[in-house]
Amino acid sequence: MIFQQAKPEEFDIIKGFYWELIDQMSDQNDKIGWKKGIYPSDQLLQDSLNRGELYTLRHDEQICACVILNSSSNEGYARGPVEH
């Protein structure tokens, strides 16, 4: 497996990865709040790519995971651990 910084020209591949992930997690989407075109938004992905903050984990050239690495968080994550 290779963990590496994604390139801006990989936007369509990364967007496709997220959309496929959202489809696969459709039974959980109401809980996590991810919706195609809303979150993660195209703008969030593109900005993260342009700032060099989006990384991928790949196996045999296929994306297995993506992460945005920075010190920012949206309001939902800023509160800390979620109680169940």
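This is a predicted model: local features need pLDDT of at least 70, side-chain atom pairs count only at pLDDT 80 or more; totals for chains, interfaces and linings use all residues.
Colleague: Nice. And is that crossing left-handed or right-handed?

Modeller: This concerns the pair H1 and H3 again, with axes that come within 11 Å. The crossing of these two helices is right-handed.

Colleague: How many nonpolar residues does the contact of H1 with H3 have?

Modeller: From H1 come Phe 11, Ile 14, Lys 15 and Tyr 18, and they meet Asp 42, Leu 45, Gln 46 and Leu 49 of H3. By class, two residues in this contact are charged and one is polar, while the nonpolar ones number five.

Colleague: Which residue does a cis peptide bond join to Pro 40?

Modeller: Pro 40 sits in the loop between helix H2 (29–32) and H3. Omega is about -5° at the cis peptide bond, and the partner of Pro 40 there is Tyr 39.

Colleague: On to the cysteines: how far from the sulfur of Cys 64 is the nearest cysteine sulfur?

Modeller: A search of the whole structure finds zero disulfides. A disulfide needs two cysteine sulfur atoms within 2.5 Å. Cys 64 is in no disulfide, and its nearest cysteine sulfur belongs to Cys 66, at 9.7 Å.

Colleague: Is Cys 66 buried or exposed?

Modeller: For context, Cys 64 has 39% relative accessibility and counts as partly exposed. Buried means under 20% relative accessible area. Cys 66 has 16%, so Cys 66 is buried.

Colleague: What is the phi of Asp 60, roughly?

Modeller: Asp 60 lies in the loop between strand E2 (54–59) and strand E3 (62–68). With a relative accessible area of 67%, Asp 60 is exposed. Although Asp 60 is not a glycine, its phi is positive, at about 50°.

Colleague: And what is the phi of Glu 61?

Modeller: Glu 61 is also placed in the loop between E2 and E3. Its relative accessibility is 66%, which counts as exposed. Glu 61 is not a glycine either, yet its phi is positive, at about 70°.

Methods. Residues are numbered from 1 along each chain as its sequence is written. Side-chain values use heavy atoms; hydrogens and water are left out. Axes are lines fitted to C-alpha atoms, for helices over the stretch in contact, and angles run from 0 to 180 degrees between N-to-C directions. Helices (H or I, at least four residues) and strands (E, at least two) are DSSP runs, numbered from the N terminus. A crossing is left-handed if the near helix is turned anticlockwise from the far one by less than a right angle, and right-handed if clockwise. Contact means heavy atoms within 4.5 Å. Ala, Val, Leu, Ile, Met, Phe, Trp, Tyr, Cys and Pro count as nonpolar, Asp, Glu, Lys and Arg as charged, and the others, Gly among them, as polar. Buried means under 20% relative accessible area, exposed over 50%, partly exposed in between (1.4 Å probe, protein chains only).
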